[in-house]
Amino acid sequence: MSAYHIQSLEEYFNQYRKSVEQPEVFWADLAANHFQWKAPWTEVLDWDFTKPEVYWFKNAKLNITENCIDRHLESKGDQTAILFEPNDPNEQAQHISYNALYQAVNKMANVLKDQGVKKGDRVCIYLPMIPELAYTVLACARIGAIHSVVFAGFSSTALATRINDCDARIVVTADGSFRGSKTIDLKGIVDEALEQCPQVNSVLVATRIKSKIHLETGRDHLLESLMSKASDNCPATVMDAEDPLFILYTSGSTGKPKGMVHSSGGYMVYTAYTFKNIFQYEEGDVYWCTADIGWITGHSYILYGPLANGATTIMFEGVPSYPDFGRFWEIVEKHKVNQFYTAPTAIRALARQGNEHVEKHDLSSLKVLGTVGEPINEEAWHWYDKTVGKGQAPIVDTWWQTETGGIMISPIPYATPTKPTFATLPFIGIQPALMDDEGQEIQGKQVSGKLCIKFPWPSMARTIWGNHQRYKDTYFSAFENKYFTGDGAIRDAVDYYRITGRVDDVIIVSGHNLGTAPIEDAINEHDLIAESAIVGVPHDIKGNALFGYVCLKDTEVRPDDAVIAKAINGLISEKIGPIAKLDHIVISPGLPKTRSGKIMRRILRKIACGEGDQLGDISTLLNPEVVAEIKEIVGR
Ligand code: PRX
């Protein structure tokens with residue numbers, strides 16, 4: 001039986017055992033038999049977590065786009081590769097076949113080459129969820145350029161930071177984007193960002209909303225006209241398995257975003273393998289992941305994983321609430337979706353709308369329901385299971401991270417019995433460990449600790465762009481010889497894992513990772529503000545909401561609190577994006593600090609959550625008196 005397709009719990013345990021006992025044999029078999037390589041590896045795995053350095057399929061050569069596109073042309077050239085569902089339900093969906101995808105990607109690759117883009121160059125992609133986004137990502141991969149997709153909801157400042165961090169010279173964008181009933185002026189945002197990025201000498205602009213835009217002579221070009229002139233034949237560049245494929249930025253608990261670098265070979269093998277099994281994708285199925293390609297979920301499970309399996313993958317431009325809250329279910333019915341993958345925040349928002357939107361539609365095509373991005377609460381899990389899946393479509397609660405590249409802990413549907421709120425078992429090849437505060441691994445069952453991974457897996461990020469030391473400090477320093485995830489977890493009586501949430505200063509809001517430091521930095525830029533602290537408080541739909549404490553400088557003018565609050569959210573939108581706006585803002589007389597000056601967020605979090613009577617001993621603080629004052633102001 002093929003190790004590539006796992007269909008029972010017994011088979012899972014067998015393959016899992018092999019993957020742990022003989023990882024090199026296991027992965028070499030899988031990689032050799034299910035992918036196209038241009039030259040074999042000389043070593044399957046070479047690793048040292050103390051440096052940290054990890055090499056998979058050393059010296060092997062490949063091009064991931066040949067695996068995702070070219071090799072499917074003969075058997076399924078006319079099959080839909082990408083099914084584009086536009087924001088407006090009255091606009092026709094676009095079925096992009098593997099043949100058409102091949103042509104568009106080759107053309108786009110030639111357009112990039114004409115702009116001077118070479119292997120190893122960074123291409124910043126700031127596009128909405130339109131086919132050009134997929135074409136550009138894959139075109140970069142075809143010519144060995146490193147794509148850096150920036151979610152098109154980020155502000156101009158956030159975009160500029162990301163362009164400059166990886167020194168991209170070219171940006172691919174669109175005139176604008178549709179988002180529900182609104183349009184967003186993407187080109188305007190890019191123009192503003194580029195004022196801070198003098199090195200960018202080429203901007204390619206896709207036409208989507210057909211708005212009047214400014215085109216800077218010599219720098220800006222309309223993509224459509226370049227594409228129409230480009231040849232549809234671009235030989236795939238030979239890539240080393242360890243050559244970087246892309247950079248994707250994720251928030252950290254301090255300062256600037258971290259540009260996680262993923263490489264080609266291992267990432268391809270692992271995303272393809274997990275996709276096949278965790279979604280049990282069968283020939284002819286229609287798969288839909290509602291994420292944006294601006295996040296890792298879209299990279300791995302809209303594009304690379306599905307395409308490497310020759311799947312039909314939906315790309316949805318719109319939002320779940322437009323034109324009404326039945327949109328997701330309408331799309332499931334219309335395209336007879338078999339696997340549906342979304343975030344708990346969307347599930348909660350849709351559940352709140354009642355069942356009638358769901359019940360209007362025939363969802364009987366659904367075979368697997370997935371969730372990702374944050375812990376799913378029990379109520380949302382049951383609603384998803386009963387109302388959407390009618391108890392017939394197993395839920396895969398998939399835990400993973402931008403850094404891990406692919407799904408790490410998840411049930412295999414129809415094999416692993418599910419348990420609400422538990423991501424269940426590690427995927428094949430993944431060796432989790434729970435650690436205590438003394439740095440010891442916690443053995444046994446019914447225990448909780450900090451979640452680490454103790455052995456490399458093929459799709460792990462290899463470094464942080466331009467800052468390997470930060471990579472080491474963030475992930476490999478907390479626990480010796482282990483990758484530290486930043487999450488806490490419990491392991492139950494049958495070795496199932498439940499992720500309990502972040503144990504660092506990252507807060508997950510609506511499934512988006514937000515570091516407290518960049519938000520605080522943005523707030524502190526306000527002239528009247530001396531310092532600030534952000535904490536997360538539980539929120540019915542978003543999972544967490546942001547609660548900010550801000551301290552004013554000692555000035556005589558004190559504007560109205562509402563005016564300050566508005567200015568703060570304005571600053572955050574400008575510096576980071578609207579996703580990081582605060583739900584609650586309290587003007588605070590001070591912040592509780594330790595004697596060494598560290599802000600005691602734990603105390604601030606408790607007060608914000610209405611647990612101000614459970615603070616424990618605060619007498620050792622530098623300024624214990626401020627706590628009572630804050631409690632009174634917050635009044636929770
Ligand atoms: O805290 C975990 C949470 O999301 C974090 C990773 O966020 P990001 O890099 O943006 O990637 C999200 C998509 C893979 C994790 O450290 N997280 C992700 N999936 C789950 C989860 N928490 C609980 N359950 C999950 N299924």
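Select strand 29 and strand 30 (residues 584–587): four bridges join them, and the two run parallel. Strands here are DSSP runs of E, at least two residues long, numbered from the N terminus, while helices are runs of H or I with at least four residues. Two strands pair if DSSP finds at least two bridges between them. Now pick Gly 548, which stands opposite Ile 585 in strand 30.

This is a predicted model, where local features need pLDDT of at least 70, side-chain atom pairs count only at pLDDT 80 or more, and totals for chains, interfaces and linings use all residues. Residues are numbered from 1 along each chain as its sequence is written, and side-chain values use heavy atoms, without hydrogens and water.

Stay on strand 29 and show residues 543–552. Seven of the ten are buried, so the strand is largely enclosed by the rest of the structure. Buried means under 20% relative accessible area (1.4 Å probe, protein chains only).

A hairpin of three residues links the two. Find Pro 538: it stands opposite Asn 544 in strand 29.

Strand 15 (residues 258–263) meets strand 23 antiparallel through two bridges. There, Val 261 has Thr 463 as its bridge partner.

Technical notes: Buried means under 20% relative accessible area, exposed over 50%, partly exposed in between (1.4 Å probe, protein chains only).
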